[in-house]
Amino acid sequence: MSYSGYSSREYAESSAAFASLVHLPRCSGYLLSRAIGGGPGRDLSSCYPLFSCRDWKMLGQDIAELAANWVSVVLVSDPFSGVDPRRIHAFDVCLPFNQHYVVDLSLASPSPHHRREARRSRRFVDIAQAGDKLSLADDWVRLYQSLIRNKGVTTAAAFPDECLRKQLLLSDCRAYVAYYDGEVCAMALWLIDGDVAYYHLAASATQGYKVAASYGLMDAALEDLATQGIERISLGGAPAGGRRNAAGLAYFKSGWATDHVPTYVCGKILDSSAYRRLSVRRARQRPTTDDFFPAYRRSSDRYHE
């Protein structure tokens with residue numbers, strides 16, 4: 001059976017630049033098998049930005065049946081899964097991660113500030129849903145790689161060019177484009193899964209920032225998606241307080257949202273002796289008091305923001 005959005009094999013393959021795929025057959029989801037440092041060990045993680053599957057009730061059985069070929073498994077829950085991951089007892093940890101801003105399109109009402117910025121933006125830019133996405137691939141890569149450099153993105157969101165192109169061309173990816181004086185100045189990618197749309201990635205050029213193109217893009221996308229049978233929107237979360245650009249991103253998303261839903265980091269230790277060994281080694285190299293899972297990965301290894 002073919003699935004869409006973050007639960008599809010195509011999306012997992014588009015994210016697996018430095019990892020291999022592991023299929024969870026009972027729930028129909030995918031994880032990435034990653035190398036741990038320079039050693040022979042490997043662990044499992046959900047794709048960026050979250051884990052999605054078709055049957056969450058079977059996820060616990062899939063996790064329980066994973067072999068000790070991997071040290072651990074970690075995933076970020078889908079805010080629209082309809083399941084409280086804290087009740088999936090196959091995990092060793094289930095930690096609050098961040099709030100995802102969501103939009104019920106039947107109730108959507110942007111803040112006064114966001115409405116003003118959207119109107120201002122749309123006086124300067126022309127916005128359209130991309131038809132020929134292939135012709136925009138170079139523009140998309142240019143915009144997003146500029147964002148990675150300028151914002152200092154070092155997490156899993158720092159996709160290489162190959163992944164960016166593949167994700168743009170996914171059949172269930174919709175791209176909205178802002179043009180200033182005929183030139184692409186901003187783009188936003190959305191993944192569609194039934195009646196749900198996920199705000200995936202977005203980036204702007206310098207001129208796009210000057211004319212608040214992100215506001216115009218979001219306004220136009222929400223209008224269009226509401227006419228296409230989409231009922232619920234996930235705008236994603238924002239990095240934890242104190243992280244670079246966190247406040248601005250949270251402000252931008254919250255101004256469109258009608259609610260917010262918690263997400264969780266869920267983890268399971270599969271090879272306890274290897275987990276202890278790696279965690280002790282990491283603690284000796286860089287002591288820490290946080291509860292990040294898995295304990296042997298830290299800061300630049302954060303895979304879910």
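Val 93 stands opposite Gly 267 in β11, and this pair belongs to an antiparallel arrangement in which eight bridges join strand β5 (residues 93-104) to β11; two strands are taken to pair if DSSP finds at least two bridges between them. Strand β11 (residues 259-269) is also joined by five bridges to strand β4 (residues 72-76), again running antiparallel, and here Val 73 has Lys 268 as its bridge partner.

The model is a predicted one, in which local features need pLDDT of at least 70 and side-chain atom pairs count only at pLDDT 80 or more, while totals for chains, interfaces and linings use all residues. Residues are numbered from 1 along each chain as its sequence is written, and side-chain values use heavy atoms, with hydrogens and water left out.

The chain as a whole has nine helices and 11 strands, these being DSSP runs numbered from the N terminus (H or I of at least four residues for helices, E of at least two for strands). Its radius of gyration is 20 Å, close to the 19 Å that the globule rule gives for 305 residues, so the chain is as compact as a globular protein of that length; the radius is taken over C-alpha atoms, and the rule is 2.2 Å times the number of residues to the power 0.38.

Of the 305 residues, 53% count as buried, that is, under 20% relative accessible area with a 1.4 Å probe, protein chains only. Among contacts (heavy atoms within 4.5 Å) between residues at least 6 apart in sequence, 72% join residues at least 24 apart.

Methods. Buried < 20%, exposed > 50% of the residue type's maximum accessible area, 1.4 Å probe, protein only.
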